Amino acid sequence: MKTTKVSFFVLSLVLLLVTGLSGWAGAADAESNAGKTYVIGTDITFAPFEFQDVNGDFVGIDMDLLDAIAKDQNFKYEIKALGFNAAVQALESNQVDGVIAGMSITDERKQKFDFSDSYFDSGVVMGISANNDTVKSYEDLRGKKVAVKTGTEGYTFAESVASEYGFTIVPFDDSSQMYDDVKTGNSVACFEDFPVLAYGVKQNNGLKIVTKPEKGGSYGFAVSKGQNQELLQMFNDGLMNIKANGEYKRITETYVGENAPTTADMGRWELVQKSLPSLIKGLGNTLLYTIVSLFFAFILGLIFGFMKVGQNRFLRGVATVFVDIFRGVPLIVLAFFIYFGIPQALGFTMPLFLAAILTLSLNAGAYVTEIIRGGIQSIDRGQMEAARSLGLPYRKAMMKIVIPQAIRIMIPSFINQMVITLKDTSILSVIGLVELTQSGKIVIARTFASFDIWLTVAIMYLIVIITLTKIADHLEVKVRRG
């Protein structure tokens, strides 16, 4: 019973922290709709419907259609690049006002979302490696693995025929990862929407199409059930207008017409040079989130660390529950819970920056708590007893005798936690954080150059981590000598 009360106390503190920090976001709901800017979620790794060009601009059929419709209907919007699965979850939790991401209109999705009129009809095709001459039909898939992208029409089609043709489904979150799995031979084929795979083949993604398009569904713009109906109506009205004036045809033919441009072949060094600006920007975000989250993690670690070694049983229990919860829950689950779960339950919109900092800070704070506890308890208890026998108060004995020695022991663990937190920022790409790893995914979605870009990203991580580690080691030596 006591543990349950302590758990409730810790969770209450965390929820108060979340709602308090997010209070300013709720103020926006009180504003009138006049001049409202709609937040639209999307997946920017789904060319030719949405992707980032070399200048960092959002382009593609979906992006250009949305822009044309917004101009026609005179409304403002802000794009939030999340990835398909995260975008759909963000719409469910009211983190975004709408989603346009090559989203198929299905009966299942209609139960949760309201869809616009169809703006594109698609169909599923099978792609294989350009060097593969053995797979020509679904019958050739028996006993083999097939890559699919989660949440897509291709995934649904694969599920519907997997038992009939005897293949195993291998799911991925990004089209580029799915293509790479086929090119490396881990999967023998993939199922993808025809315009997407046809565009990729034209951009030399290393695959070829071997089947005719299956009868597919239609893409639609989605809003939450019963909400943002004015936005939905404006989308439908604008779509009708741009179809009538020829703008719709011009946009679609730009990307999937016979004269659609292909990516110019670039050498590896030229490709890396053109990709560096967006990768460096992503690295900057990685460092920013690492520094800010470690600052708060250190504060949480100090608070709960001293509580855990203190003499009050209740506070020790609170600190123990804090560590158990935030060290025990996987970081990706914690990120989803904070960014999607809590806002949906409490009815407010949480900024991505806040969600990312909370996730990293709470996770790292639990580990810092244990670092501080371990450092303090590693000091011989006889030193505290000797200090108390000489008349020093408990607090003064801790600050003057125990803590200075414990800090020297803690430093290597603090350095290790800094490196771990920096790398953990990559996990938050699942909620749309555009840090170094996500920046790499975005570039690959445009260039299909997985080896070159991931090698560059890995080198950038190594340079930063080795540099920070050397600086921290130098500081450690100075502290020990001091």
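Strand E10 (residues 145–149) is joined to E11 by five bridges, and the two run parallel. Strands here are DSSP runs (E, at least two residues), as are helices (H or I, at least four residues), and both are numbered from the N terminus. Two strands pair if DSSP finds at least two bridges between them.

Both strands belong to an open sheet of five strands, in the order E11-E10-E12-E9-E13, with mixed pairing. E11 (168–172) and E13 (207–209) stand at the edges with a single partner strand each, so one side of each has no neighbour in the sheet. On average, neighbouring strands of this sheet are turned by 35° against each other, direction ignored; the axes behind such angles are lines fitted to C-alpha atoms, for helices over the stretch in contact, and angles run from 0 to 180 degrees between N-to-C directions.

## About the model

This is a predicted model, in which local features need pLDDT of at least 70 and side-chain atom pairs count only at pLDDT 80 or more, while totals for chains, interfaces and linings use all residues. Residues are numbered from 1 along each chain as its sequence is written, and side-chain values use heavy atoms, with hydrogens and water left out.

## Helix H8

Which residues of helix H8 (residues 194–202) are buried? They are Pro-195, Val-196, Leu-197, Tyr-199 and Gly-200. Buried means under 20% relative accessible area, exposed means over 50%, and partly exposed lies in between (1.4 Å probe, protein chains only). After H8 comes Asn-204, whose phi is positive, near 65°.

## Salt bridges

Side chains of opposite charge can pair when their charged atoms come close. A search of the whole structure finds 12 salt bridges, each a side-chain nitrogen of Lys or Arg within 4 Å of a carboxyl oxygen of Asp or Glu. One of them joins Lys-225 and Asp-114 (3.3 Å, N to O). This pair links distant parts of the chain, 111 residues apart: Lys-225 is in the loop between strand E15 (222–224) and helix H9 (229–244), and Asp-114 is in strand E7 (residues 113–115). Lys-225 counts as partly exposed because its relative accessibility is 46%, whereas Asp-114, at 16%, counts as buried.

Other pairs sit within a helix. Asp-180 and Lys-183 meet in a salt bridge (3.5 Å, N to O); they are three residues apart in helix H7 (residues 175–183), so about one helical turn separates them. Asp-180 is buried at 19% relative accessible area, and Lys-183 is partly exposed at 32%. In helix H10 (residues 247–256), Glu-247 and Arg-250 are also three residues apart, about one helical turn, and their salt bridge spans 2.8 Å, N to O. Glu-247 is partly exposed at 25% relative accessibility, and so is Arg-250 at 44%. Elsewhere, salt bridges that share partners join Lys-308, Arg-327, Glu-370 and Arg-373 into one network.

## Annotated spans and a nonpolar patch

An unreviewed UniProt entry places the feature "transmembrane region" at residues 287–306, 318–340, 352–376 and 453–472. UniProt positions follow the numbering used here, feature names are shortened, and annotations may be inferred rather than shown by experiment. Residues 287–306 are 100% helix and 0% strand, with end C-alpha atoms 28 Å apart. Residues 318–340 are 91% helix and 0% strand, with end C-alpha atoms 26 Å apart.

Phe-295, Phe-296, Ile-299 and Ile-303 make a nonpolar surface patch of about 370 Å². Patches are made of residues with over 30% relative accessible area and no salt bridge, with like charges joined within 9 Å and nonpolar side chains (Val, Leu, Ile, Met, Phe, Trp, Tyr) within 5 Å. Accessible areas come from the Shrake-Rupley method with a 1.4 Å probe, and for residues only the protein chains shown count as cover. Ile-299 lies in helix H11 (residues 268–309) and counts as partly exposed at 35% relative accessibility.
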